[in-house]
Amino acid sequence: MSILVVGDAMLDVHSGGLVKRISPEAPVPVIEANSHSYALGAAANVAAQVANMSVPCLLAYKAFCSDIDYSHDKLENMCINAGIKPAPLYHPGCFSVTTKERVWAEQQQICRIDRENRLKPDQLLEDEWIENIKEIIHENGVSVVIFSDYDKGTLTDRIIQEVANYCKNKNVTTILDPKRHTYNTLENLTLIKPNNKEIEITNKTPSAISLEIEDTLLLNTQGKDGMCLFQNGELMHREITHVNQDHVV
């Protein structure tokens, strides 16, 4: 058994230090940097959580063909160290892996610097990536595919749909954590997991969406209020959490 995570991998970067003065150039703090760290983010973090459970895990993600893309090298090495087998889907661009750098003044976050490119594959590249993903599933005995969508260009409706169709024929479980507003038009997935915001953008109720996606399970996560599981328009189960709202992020 192994699990394949397909989606938008990121690097979370944290830079911080002490503030002892205000810049003479602008009314902003000057940070005397003394720390710099990296963490796997987005789909890469999902893969890391799977690997932490001692389950063999692979990560398929958009990567750019660039000789100077040291951020991809960093991501790949961190995946390997976390027990994740990287399976990059190459895009013929010269851009780096998405990074989100948070700048801290002691315990206070001052700003976040995002470096990203949301360039999506064209139809020919979609064809290539779909075949690549199918090969990964077949060659590694994958039993579960998790689509971790952050709308950064790795996943398209067509890629999700074609892979879901293939997985259904192979009895492979598929789970979609969506950011795209068209998730309720996709078929043959085992489970779709939208949060409240992703439900709201459809202007429909969870029950109505569940009817549209037919046998696919709909797990509506509701933050501090827990989660609800629907199938064919019916509420199958409700899980209520017992945590303080401050603990839910």
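Select Thr173 to begin: this residue is partly exposed, because its relative accessible area is 32% (buried means under 20%, exposed over 50% and partly exposed in between, with a 1.4 Å probe and protein chains only). The model is predicted, so local features need pLDDT of at least 70 and side-chain atom pairs count only at pLDDT 80 or more, while totals for chains, interfaces and linings use all residues. Residues are numbered from 1 along each chain as its sequence is written, and side-chain values use heavy atoms, with hydrogens and water left out.

Thr173 lies in strand 9, residues 173-177 (strands are DSSP runs of E with at least two residues, helices are runs of H or I with at least four, and both are numbered from the N terminus). Next, display Ser143, Val144, Val145 and Thr190: Thr173 is in contact with these residues, leaving aside its neighbours within four places in sequence (contact means heavy atoms within 4.5 Å).

Now turn to the open sheet of 4 strands, in the order 3-2-6-7 with mixed pairing (two strands pair if DSSP finds at least two bridges between them). At its edges are strand 3 (29-42) and strand 7 (108-115), each pairing on one side only.

Select strand 2 (residues 9-22), which pairs with strand 3 in the antiparallel sense over 13 bridges. Within this region, pick Gly16; its bridge partner in strand 3 is Ser35. Finally, select helix 1 (residues 43-52), which packs on the sheet and touches strand 2 and strand 3. The direction of helix 1 makes about 60° with that of strand 3 (axes are lines fitted to C-alpha atoms, for helices over the stretch in contact, and angles run from 0 to 180 degrees between N-to-C directions).
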